[in-house]
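Student: I would like to go through this model with you. Please take my questions as they come.

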Amino acid sequence: MQSSTVFITLWLLLIVFSVLSPVTEAQPPTYRDHVCPNTTTFLINSTYQANRDTLLTSLSSNGSRGNGFYNTTSGRNPDTVYGLFLCRGDLSTSVCQACVTFASTDISRRCPVEIAAVVWYDECLLRYSDENIFSAVAEEPATILFNIKNATGTEIPFDQLVAATVVMNMNDITTQTENKPAGSKKFATRETKLSSFQTLYTLAQCTPDLSGSGCSRCLQGARENLPNGWQGGRVLSPSCNIRYETYPFYNLAAVSPQPPPAPEEEKQNKSNRIPVLVASLSAIFGLAVVFISAFFIWRRRNSRDEENSQEVQLLGLVNEHSRETFNGENGERSQEFPSIRLDVLHAATNHFFDENKLGQGGFGPVYKVII
């Protein structure tokens with residue numbers, strides 16, 4: 001009885017841990033289709049195969065790029081291989097990386113000896129070729145998929161509504177990308193309310209290396225092949241893809257535009273800037289006043305030191321010459337009435353020059369001396 005209780009307890013704990021433990025194994029991307037014509041193939045262990053494998057490794061190692069797109073080459077002519085990948089524009093870099101990593105291995109399994117190939121998943125596409133595929137519109141080969149449910153319950157014919165929505169989406173993506181630099185993301189989504197209980201979700205995307213006109217041309221061709229009369233459909237080509245569904249199939253939070261700041265918040269932000277600006281200007285003004293005051297104090301002290309130095313030097317000159325007799329009188333009278341030789345006074349006052357005159361004293365004019 002006790003052993004049965006222990007067994008049941010362990011079994012319950014195992015169930016709890018299996019439910020609570022996170023799933024660490026990443027889910028593979030959702031495969032849709034691939035094309036690799038067997039009309040052109042390469043030899044096993046050839047230079048082209050080595051370049052193809054190197055290219056796929058390079059694509060896989062760059063799967064976490066911010067705009068979800070990367071193109072590169074491997075090898076030299078005539079065995080150069082061109083390759084690229086494109087992730088859906090609403091996905092995170094981690095999901096993009098997982099898809100590209102899986103695709104770079106999966107395409108080798110599906111197309112082991114084909115010179116050119118492309119594979120599509122819900123999350124990304126990956127392709128390679130022996131021809132330069134960069135910045136070139138490629139509408140073929142294309143894959144057309146549709147939702148098996150028929151479109152019902154709408155006042156407007158469903159195919160007309162889809163066509164109108166895709167046209168608006170194409171205009172959006174063209175407007176968004178025609179002025180952007182090469183390499184920028186070319187991706188747009190739109191939600192259209194069909195009724196009170198049904199919404200149409202539409203997505204359009206091009207590879208970022210296309211020009212605005214090239215992207216528009218690719219989307220136009222895809223729209224013409226879009227299946228009508230169904231609740232969902234898509235066209236997948238090497239350079240672009242479009243899709244519509246009556247359920248959200250992309251990350252709505254990732255594609256939703258950021259709302260503009262509320263007027264009150266914007267007004268509050270502006271009002272908060274004023275005290276900060278006033279405080280900054282006050283601090284700068286205060287520092288300037290302190291600096292200027294310190295400079296003038298330093299200048300004033302310097303002037304005083306120079307005047308004191310001149311006074312000391314003059315006093316020393318007076319004391320030195322007062323030891324000498326004047327007009328034959330003795331030294332005691334010279335100490336009581338200090339005297340300076342006339343040639344020294346001429347030198348000190350520049351011959352009693354008027355510009356050295358300081359004023360008029362009780363005993364006559366007072367001159368500034370130059371030591």
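Student: Is Arg32 buried, exposed or partly exposed?
Tutor: Arg32 counts as partly exposed, because its relative accessibility is 33%. Buried means under 20% relative accessible area, exposed means over 50%, and partly exposed lies in between, with a 1.4 Å probe and protein chains only.

Student: What do these values rest on?
Tutor: This is a predicted model, in which local features need pLDDT of at least 70 and side-chain atom pairs count only at pLDDT 80 or more, while totals for chains, interfaces and linings use all residues. Residues are numbered from 1 along each chain as its sequence is written, and side-chain values use heavy atoms, with hydrogens and water left out.

Student: Which side chain does Arg32 meet in a salt bridge?
Tutor: The partner is Asp122, at 2.8 Å from N to O. A salt bridge here is a side-chain nitrogen of Lys or Arg within 4 Å of a carboxyl oxygen of Asp or Glu. Arg32 belongs to strand E1 (residues 31-35) and Asp122 to the loop between strand E4 (117-121) and strand E5 (124-129), so the pair ties together parts 90 residues apart in sequence.

Student: And Asp122 itself, buried or exposed?
Tutor: Asp122 counts as buried, because its relative accessibility is 15%.

Student: What else does Asp122 pair with?
Tutor: Asp122 also forms a salt bridge with Arg234, at 2.7 Å from N to O. Since Arg234 sits in strand E9 (residues 232-236) and Asp122 in the loop between E4 and E5, this pair ties together parts 112 residues apart in sequence. Arg234 has 8% relative accessibility and therefore counts as buried. Through shared partners, salt bridges join Arg32, Asp122 and Arg234 into one network.

Student: How many salt bridges does the structure hold?
Tutor: There are 8 salt bridges. One of them joins the side chains of Asp106 and Arg110, at 2.8 Å from N to O. Because these two are 4 residues apart in helix H3, about one helical turn separates them. Asp106 is buried at 3% relative accessible area, whereas Arg110 is partly exposed at 25%.

Student: Changing topic: at what angle do H2 and H3 pack?
Tutor: Helix H2 (residues 47-61) and helix H3 (residues 93-110) pack at about 165 degrees, with their axes 8 Å apart. Axes are lines fitted to C-alpha atoms, for helices over the stretch in contact, and angles run from 0 to 180 degrees between N-to-C directions. H2 and H3 are therefore roughly antiparallel, a label for angles over 145 degrees.

Student: Which residues of H2 meet H3?
Tutor: Arg52, Leu56, Leu59 and Ser60 do so, and their counterparts in H3 include Val100, Thr101 and Ile107; contact means heavy atoms within 4.5 Å.

Student: And for the whole protein, how many helices and strands are there?
Tutor: The protein has 9 helices and 12 strands. These are DSSP runs numbered from the N terminus: helices are H or I with at least four residues, and strands are E with at least two. Of the 371 residues, 34% are buried. Among contacts between residues at least 6 apart in sequence, 62% join residues at least 24 apart.

Student: Last one: where is Gln160 found?
Tutor: Gln160 is in helix H4 (residues 158-177), and it counts as exposed at 52% relative accessibility. The C-alpha atoms of Gln160 and Asn228 are separated by 8.4 Å, although the two residues are 68 apart along the chain.

Terms used
Angles under 35 degrees count as roughly parallel, over 145 as roughly antiparallel, 65 to 115 as roughly perpendicular and the rest as oblique.
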